[in-house]
Amino acid sequence: MKQENIRNVAIIAHVDHGKTTLVDRLLWASHVFRENQQVEERVLDSNDQERERGITILSKNISITYKDVKINVIDTPGHADFGGEVERVLNMADGALLIVDAYEGPKPQTRFVLSHALERGLRIVVVVNKIDRPNADPEGAVDKVFDLMVELGASDEQLDFPVVYASAVNGYARFAPEDDNMDMVPLLDTIISEVPAPEVDPDGPLAMQICTVDHSSYEGRIGVGRLHSGMIHEKEQVLVVKPDGESRMAQIRKVYTFENLSKAEVADAVAGDIVAVIGIEDADIGDIITSPENPVEMEPIAVEEPTMAVVFEASTSPLVGREGEIVGGRQLKERLLREKESNISMRINELEDKSGIEVAGRGVLHLSVLMETMRREGFEFQVGRPRVVYKTGEDGTKLEPIEEATVDVPNDYAGKAIEVMGTAGGIMGEMVQDENMTHLTFTIPSRGTMGLKTRILNATHGEAVLFHHFKEYGPYTGEMAGRKNGGMIAMSTGKAVAYALDTLQERGRLFVGPGDECYEGMIVGESAKEGDMVVNVEKTKNLGNQRSSSADKAIQLTPPVTFTLEEALEYIEDDELVEVTPQSIRLRKRLLSATDRKKANKS
């Protein structure tokens, strides 16, 4: 039976193609907000970092009601580092809105999520956004979507997709780019007419699979998933079946459904709806909640394995405690173990020697989002260089994660881009050229992607667009060269002086400016040559009673290079660390003393 008063729709879009803005407009169109209510833009990106970076990190659920039909909207991250979220949340949907920019057409990140949606047989509604842009080519964008779906193996039925043209910023959707409609009604009508209603058995046994896990400090774990059959009631006794087949009884304490931007507590929920349940203590992804008398079996959900790991340690910097309030190893461990409760796509474990906590995620961005969150909470800590997670094959061979990378670059710089990808271990798969741009695809070891974006942008004068996502585990490809240039290492603790920096800037790039606090073993710059050099950043001018020819020379310093967290993690070598505090990101040697480093090199 179809549950005609419910639609479950996921939203797929490349970063910055207007997905979150479009959801804002749908919320306004369905009168979720009062006419005079002050609402922040991009209301779904509730997390500070999502707003600053302009990306969606966490999948979210909202619902809107239109013509007595409840539309559950599932927001999906566009970035492959958060792909673990994407694969799971698509299990809750029957259809997907594919949002593409009218000027750019579908991009590589769209391809990643769209391929998963097509595999699951979802009905795709194409929304061509930003049709008010100069140079917009809505029809061209639709042709590109068609070509992409053919390439991804879409069925004939999926290729016969409906198209809606929209300008989310101006708040309108249209069936044709040139008509004069100025509201979102065409899109809402299309969702109701084109996205199939959930096919369910309302009188069958209870069956629900947990697709995402939330965490509340008051209620504990919250399991979110779609109710496939039957009804779920509060205070009901249920059977919880783990993915490995283990089962146990539990009691549902509370049942919530999604209403507008929040959850609403209900006494019971009907099949086809997306619900959140509280009461299952160690609720995990893939758990099946079913009837004890008549248990239902369901396909397991695979959570993709993390491919990159980093070790968090308590800071041992001489400046520890000056900028952060929380510096202890015990607090760091407690905070990361709390993260383990709610962040299923990360693997978090204490090292055997208790020297730190290893956190494994899907990529450097995935790991740096957690670090950024913690530094904003007042933590000070240090992390080593991210390393890839190796596996052992069935025949005992060493396997490493291999990624698929795509580079879109102007034709003039294609050669440069291919050269950079080659030095990082990339093997070219295909090359497609049109009048202006070259589209390149490579397979590349995850190790080779460290710092790759910076190198590609430098080689192509900032014109290239690079995107990569995990493809498979493949045979180990051998050693890779690290950073060529050595570092400038401070020899003492104190403030950097302009006079000293003036002479040092001739020998490389500086990472500190005058007045910055430095300490022995801190990396204050990059040498133009190979090999580290120990430098004095506190050196001042000798004051004598005779004049020198350079006495009145004004010091002109080039601004120091500043690193984002991702750049710092990709820059360091194995014997170096990134020190993270609420106000600073510093690079340092693992061994601060020059004598200790010499001894370590000899041994």
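# A tour of the predicted model

Select Ile124 and, leaving aside neighbours within four places in sequence, show what is in contact with it (heavy atoms within 4.5 Å): Ala96, Leu98, Leu114, Ala117, Leu118, Met149, Phe161 and Pro162. This is a predicted model, in which local features need pLDDT of at least 70 and side-chain atom pairs count only at pLDDT 80 or more, while totals for chains, interfaces and linings use all residues. Residues are numbered from 1 along each chain as its sequence is written, and side-chain values use heavy atoms, with hydrogens and water left out.

Buried means under 20% relative accessible area, exposed over 50%, and partly exposed in between (1.4 Å probe, protein chains only).

**Aromatic pairs**

Rings of Phe, Tyr and Trp (its six-membered ring) pair if their centres lie within 6.5 Å; planes under 30 degrees apart count as stacked, over 60 as edge-to-face and the rest as tilted. The count by this rule is six aromatic pairs. Go to Tyr390 and Tyr476, an edge-to-face pair at 5.8 Å centre to centre with 75 degrees between the planes. Tyr390 is partly exposed at 33% relative accessible area, and Tyr476 is partly exposed at 26%.

Then select Phe511 and Tyr571, an edge-to-face pair at 5.7 Å and 85 degrees. Both Phe511 and Tyr571 are buried.

**Charges over rings**

A charge sits over a ring if NZ of Lys or CZ of Arg is within 6 Å of the ring centre and within 35 degrees of the ring normal. Show Lys398: its charged end sits over the ring of Tyr476, 4.3 Å from the centre. At Lys391, the charged end sits over the ring of Tyr473, 4.5 Å from the centre.

**Confidence**

Finally, colour by pLDDT, the predictor's confidence in each residue, from 0 to 100. The protein chain has a mean pLDDT of 82, and 87% of its residues reach 70 or more. Over residues 33-47 the pLDDT is below 50, and this stretch has 38 contacts in the model beyond near neighbours in sequence. Residues 49-59 also stay under 50, with 50 contacts beyond four places in sequence. Where pLDDT is low, the predicted coordinates should not be read in detail.
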